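Take a look at the structure first, and then we will walk through a few of its features together.

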Amino acid sequence: MLNTFLSHQWKSFWRSRNRGSSIAGQIVLGFFMLYFLVLALGAGFGMQFLLPKVFPNQDVIKSFNGLILYYFALDFIMRLQLQELPTLSIIPYLHLRISRSKIIRFLNIKSLFSAFNLWPFFIFLPFCFMKIAPAYGAFSTLMYIVTILSIMVFNNYLALYIKRKSISNVLYTLFGLLIFAAFAALEYYKVISVMAASDYVFKAIASKPYIGFASTLAAIAIFYINSDFLRKNLYTEELSSKQEKKASTDYAFLNRFGKVGELAALELKLILRHKRSRSSVIMGFFFLFYGFIFYKEKAINRDAFGQMMFGAIFMTGISIIIYGQFMFAWQSAHFDGILANKINFKDFIKAKFLLFTIGCTVITLLASFYGFLSPKLLLLHAAAYLYNIGFGTVVVLYLATLNYKRLDITKAASFNYQGTGATQWLLMFPYALTPILIYVPFGMLDKPYWGLIAVSVFGLAMLLMRGFWVNYIAKRLELQRYKIAEGFRE
Amino acid sequence: MILEIKNLKKVYGDKTVVNIEHVQIRQGETIGLVGNNGAGKTTFFRMLLDLIRPTEGEVLSKGENVMQHDQWKDYTASFLDEGFLIDYLTPEEYFTFIGSLNNLSAADVAAYLTQYGEFFNGEILNSGKYIRDFSKGNQNKVGIAAALMQKPELLILDEPFANLDPTTQIRLKKLLKEYPGNMTTFISSHDLNHVTDVCNRIILVEKGRIIKDFKTDENTLKELESYFSA
């Protein structure tokens with residue numbers, strides 16, 4: 001029976017209409033998956049070399065031990081937001097001659113099929129075999145693995161249990177992230193150390209391996225609590241995450257923009273009230289850490305802004321790139337309504353510009369903490385910011401008029417590539433290359449600051465031309481409206 | 001003349017979905033568009049609202065082609081399907097938004113909505129739900145009320161009676177019949193009883209063509225029934 005269920009799920013995955021239909025899209029998707037896989041494996045195998053670099057004056061194994069609890073804390077917070085409750089899939093079976101316990105077993109197993117349950121294998125196991133095994137021997141290594149996998153399973157079922165029992169809310173996730181950041185900060189200033197606690201736990205496992213079974217017991221306990229809850233509440237409306245009461249809201253700060261503000265408020269609600277757009281926003285905040293990859297000390301000292309330009313553009317413009325790549329398609333469900341109503345195309349486009357400008361400004365302000373690395377980076381960010389709001393917005397909105405793919409925004413974002421077409425991938429080229437091309441001549445003449453000024457002036461000029469661009473894009477939208485509306489109707 | 005349709009054609013591949021030579025609609029008429037599934041009713045309505053590009057011909061609203069001008073939006077309100085609703089808003093937010101497009105303040109909208117208490121049956125306002133969480137029938141009600149709120153000269157509704165409960169169907173009929181002013185109403189329906197009751201002119205379509213176009217009288221229902229049972 002379980003096999004039948006799983007084969008149905010397998011079919012539903014492969015036959016799902018949401019998947020990118022074109023072969024090109026699938027190939028690109030494949031590459032992305034491969035990329036992340038390689039990244040995870042790289043992290044796993046490279047950990048023994050990376051850890052001494054990040055924590056220089058510390059034993060590698062101690063650093064490794066210290067990271068595990070951090071990883072799972074973050075894992076848990078992310079699960080609360082992103083992991084989906086496998087509830088809808090059981091509806092077709094509930095009224096058939098299938099016992100409750102079988103359905104519950106299916107639900108439990110299905111919930112394990114999640115990307116969250118894949119990463120620990122890649123990230124932690126290589127290190128266990130390469131470093132822990134020689135240091136502590138086979139039994140301890142085995143218990144390390146058992147413990148790590150147990151915590152993973154524990155997180156899996158606890159997150160689902162909490163989601164089923166309580167109202168899931170983005171605020172909780174943000175709150176969780178804040179606590180997480182607070183602990184990291186306390187760690188940094190050596191007030192409270194979670195790393196030490198984590199290390200203590202795993203040291204204990206290394207010396208007395210059977211302690212590891214405690215986590216297994218915890219995992220089993222939460223598994224049974226979860227199953228018991230399912231058994232008593234096997235009604236789909238009770239199993240999906242609880243709904244909070246919806247209230248009407250009014251964004252007063254947007255009112256001053258008149259009709260444009262009205263449309264921007266509408267879109268802000270769209271972003272906040274749908275899973276897919278919400279997770280895009282959260283992803284955007286994660287990209288704030290992107291700078292740590294690009295801003296190398298060497299590059300900063302040499303004023304090599306060309307190298308860092310991509311990171312800066314990407315980070316400050318993330319809201320434009322991530323949200324803009326599916327532009328207009330976010331509204332595909334009610335695009336007919338927008339066309340049939342008294343909405344001026346120019347106002348419609350202006351509202352997008354307004355929203356992008358607000359998003360980009362917020363992110364740029366948040367990113368100014370890089371100023372602690374070097375105040376030069378703030379100049380770089382300012383140039384990138386002007387480029388993004390001046391020209392990036394135009395690129396994105398122009399490409400949006402070429403996008404006819406419907407998007408179902410009620411579905412979650414992870415592993416949902418519906419609405420992804422060639423335009424989305426093409427978007428990145430003009431977007432990222434233009435500023436670098438502007439900068440390069442100055443970089444080669446060893447006038448880095450003039451390069452930044454050139455990029456800023458370009459962005460500013462485009463910003464001053466915004467009226468022209470609004471007219472131009474509104475005209476394009478007017479021309480393309482039938483095609484877009486038809487595509488959005490499916 | 002509020003609407004004039006000239007030689008309107010829509011072709012998908014080698015299939016002609018709509019093919020209407022000439023129709024004139026005068027101010028104040030209430031017209032029912034009747035036809036089986038696939039007769040091209042919704043496609044026709046979409047072309048009236050400039051949502052689909054006609055293969056040939058034109059739709060003139062007060063003498064101006066809807067494809068080239070936007071003025072028709074000032075006096076036209078419509079509700080074809082859920083695609084017209086912004087489903088992640090609460091009904092109040094949606095009404096306020098539609099109101100703002102027509103220069104109605106939030107207070108105007110609230111005042112307007114008070115008269116709809118009966119029509120909404122207490123289920124829609126202050127329900128603490130987004131539009132997407134409502135049943136289809138209640139979503140219909142929101143769309144129809146939002147269209148009427150715009151006090152349009154031309155109202156276009158696609159199957160307004162579908163998914164509504166009997167009480168609401170009767171209320172909606174009353175609403176459409178008694179609506180003040182000289183509103184021109186264009187509705188489609190599969191319910192012959194309702195459509196003959198509400199409309200003073202019936203247009204019967206089959207495979208995109210107009211078969212009959214006549215004023216309603218006491219024999220209309222019988223005529224239509226005999227046509228559809230043949």
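## Two loop residues

A:D303 sits in the loop that links α16 (297-301) to α17 (305-316) of chain A; helices (H or I, at least four residues) and strands (E, at least two) are DSSP runs, numbered from the N terminus. Its phi is near 55°, a positive value in a residue other than glycine. With 18 other C-beta atoms within 10 Å, A:D303 is partly exposed; the class lies between buried (20 or more other C-beta atoms within 10 Å of the residue's own) and exposed (12 or fewer), with C-beta atoms placed from the backbone.

In chain B, the loop between β4 (56-61) and β5 (64-65) holds B:K62. Phi of B:K62 is near 50°, again positive in a residue other than glycine. B:K62 is partly exposed, because 18 other C-beta atoms lie within 10 Å.

## About the model

This is a predicted model, in which local features need pLDDT of at least 70 and side-chain atom pairs count only at pLDDT 80 or more, while totals for chains, interfaces and linings use all residues. Residues are numbered from 1 along each chain as its sequence is written, and chains are lettered from A and ligands numbered from 1 in the order in which they are written.

## Domains of chain A

Chain A is assigned domain 1 (21-239) and domain 2 (257-488), with bounds from an automatic or database domain assignment. Taken over C-alpha atoms, the centres of these domains of chain A are 33 Å apart.

## Where the chains meet

The contact involves 22 residues from chain A and 26 residues from chain B, where two residues are in contact if their C-beta atoms, placed from the backbone, lie within 7 Å. Helix α2 (residues 91-101) of chain B gives the largest share of the chain B side, six residues.
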